[in-house]
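Please look over the chain below before reading on.

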Amino acid sequence: MPAFQVHGAVAARLGLDRIQSFCDLMGNPERQIPCIHVAGTNGKGSVCAMLALAYEYAGFRCGLYMSPHLEHVRERIRINREMIPEPDFLRFFQLYASDISSSDLSYYEITTAAAFWWFNEAKADIVVLETGLGGRLDATNIVKPEISVITSIAHDHQHFLGHTITEIAGEKGGIIKEKRPVVLGNMPDAAEKKLLQIAGEHHSGVIKARTLQPRYRTSGPVNNSRSGFEIVNQSQRKFMESDLKAPVHRWNVAAAWLTVSALQPRFVVSEAQFSKAIANVGRSGLLPGRFEKLVPGLEWFFDGAHNPEAVRALIKSIDRQDWNDEPVIVLCIMKDKAQKKMLEPFSVFKKNYYYALATERAADITQIAAYLSDVKELPAGEAEILRFFKELTKQVVIFTGSFYFYSVVKRWISQIIKAG
């Protein structure tokens with residue numbers, strides 16, 4: 001199995017020379033289709049999904065490249081929600097097998113190249129690209145986008161991106177291109193200052209999500225309430241109902257709307273089409289693992305909150321739910337994330353459990369207990385784990401901590417359902 005798939009960011013090899021040389025060999029498909037380039041510590045996947053769905057509803061063939069995948073690698077590469085077909089994916093490798101072998105591309109670089117190739121082959125009208133790690137040296141950064149979007153800046157992957165907010169902002173800001181506008185989401189002042197500097201150096205116009213004063217709110221009677229997001233649009237407050245329940249998405253909605261607005265009239269998306277996208281993005285299948293309800297009829301959710309900022313957003317989302325009982329939290333954390341800022345916020349809950357993935361990168365229970373003293377380990381053995389969760393079908397359960405945990409949880413649920 002390729003190194004990046006097994007080891008994640010630990011195996012990342014940043015730099016543009018390899019991917020650029022390979023795309024040159026393919027005839028530079030990355031230059032053939034207009035694109036939107038999205039970076040950020042948190043929120044970039046959500047913004048990408050919102051944009052892709054909005055352009056689909058507006059009648060465009062919209063390509064979408066996101067990572068990591070949760071169950072199948074083809075999830076990373078889509079047009080109008082449909083994954084790259086297996087025959088096309090295979091054809092890419094048949095065409096370029098010897099070149100891939102000699103190019104020393106990483107797993108991530110190979111999937112990025114495959115995405116560029118297929119979007120061109122399948123004649124996408126516009127493409128939304130999510131960066132993988134950082135921005136400046138990410139494999140996606142060989143494009144010249146119509147517009148760049150930087151959703152948020154927080155501490156994450158400091159061993160690659162820098163130890164200060166300013167340093168991290170400098171890496172994310174590497175996607176800002178000469179005379180191409182950039183949308184900025186909600187972020188610390190130090191990060192915004194750095195990005196404004198980079199934008200100025202590139203003569204790039206800056207559009208700030210803060211100008212829309214976004215809000216998350218609910219309305220209507222308790223038993224039939226509507227939740228969604230408000231933005232200021234042409235001096236009027238516009239409410240868009242949504243199936244997303246996390247208040248932090250207000251900034252993602254604002255960033256997506258400003259991006260769509262900036263690309264008018266070349267890529268026309270009406271307000272109604274955008275609102276439809278926001279209303280349906282949660283159930284679209286483009287955002288698995290983001291406070292996703294896993295089983296119809298059960299209050300079981302998965303949220304890939306894998307850094308402190310995402311954990312805080314998750315806990316705010318939980319606080320806003322109208323649940324009678326406190327949720328059961330099931331954590332799965334990688335060693336590099338077993339930190340006080342990451343784990344201590346879960347101490348507000350009384351029922352915390354931990355599961356260690358069968359990988360060297362996974363933290364063990366002692367590392368978790370150092371910051372979450374009342375945490376309990378899940379039973380040993382799959383049969384015991386399944387029996388444990390069968391007893392929780394009447395309770396709220398939140399699985400969280402790492403996207404690598406997603407496929408394991410889905411397997412457990414599949415077996416529980418199969419067993420009846």
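Predicted model: local features only at pLDDT ≥ 70, side-chain atom pairs only at ≥ 80, totals over all residues.

**Salt bridges and the fold around them**

Student: Is arginine 74 buried or exposed?
Tutor: The classes rest on relative accessible area, found with a 1.4 Å probe and with protein chains only: buried means under 20%, exposed over 50%, and partly exposed in between. Arginine 74 has a relative accessible area of 12%, so this residue is buried.

Student: With which residue does arginine 74 form a salt bridge?
Tutor: Side chains of opposite charge can pair when their charged atoms come close. A salt bridge here is a side-chain nitrogen of Lys or Arg within 4 Å of a carboxyl oxygen of Asp or Glu. For arginine 74, the closest N and O atoms of the pair are 3.6 Å apart, and the partner is glutamate 86.

Student: Which residue meets glutamate 192 in a salt bridge, and how far apart are they in the chain?
Tutor: The side chain of glutamate 192 meets that of arginine 210, at 3.5 Å from N to O. Glutamate 192 is in helix H8 (residues 189-201), and arginine 210 is in the loop between strand E8 (206-208) and strand E9 (215-219). Glutamate 192 counts as buried at 9% relative accessibility, whereas arginine 210 counts as partly exposed at 31%. The partner is arginine 210, and the two are apart by 18 residues.

Student: How many residues apart are arginine 283 and aspartate 243?
Tutor: Their side chains meet in a salt bridge of 3.7 Å, N to O. Arginine 283 sits in the loop between helix H10 (271-280) and strand E12 (292-293), and aspartate 243 in the loop between strand E11 (236-241) and helix H9 (249-262); the separation is 40 residues.

Student: Which residue of that pair is exposed?
Tutor: Aspartate 243 counts as buried, at 18% relative accessibility. The relative accessible area of 58% belongs to the exposed residue, arginine 283.

Student: How many salt bridges does a search of the whole structure find?
Tutor: The pairs discussed above are examples. The search over the whole structure gives a total of 22.

**The chain as a whole**

Student: What is the radius of gyration of the chain?
Tutor: The chain has 15 helices and 17 strands. The globule rule gives 22 Å for 420 residues, and the chain comes close to it, so the chain is as compact as a globular protein of that length, with a radius of gyration of 21 Å. This radius is taken over C-alpha atoms, and the rule is 2.2 Å times the number of residues to the power 0.38. The value asked for is 21 Å.

Student: What share of the 420 residues is buried?
Tutor: The C-alpha trace spans about 55 × 55 × 40 Å along its principal axes. Within the chain, the buried share is 56%.

**Backbone details**

Student: Which residue does a cis peptide bond join to serine 67?
Tutor: The omega angle of this bond is about -5°.

Student: What is the phi of lysine 123?
Tutor: Lysine 123 lies in the loop between helix H5 (107-121) and strand E5 (126-130), and is exposed at a relative accessible area of 64%. Although lysine 123 is not a glycine, its phi is positive, at about 60°.

Technical notes
Residues numbered from 1 in each chain as written. Heavy atoms only, no water. Helix = DSSP H or I, 4+ residues; strand = E, 2+ residues; numbered from the N terminus.
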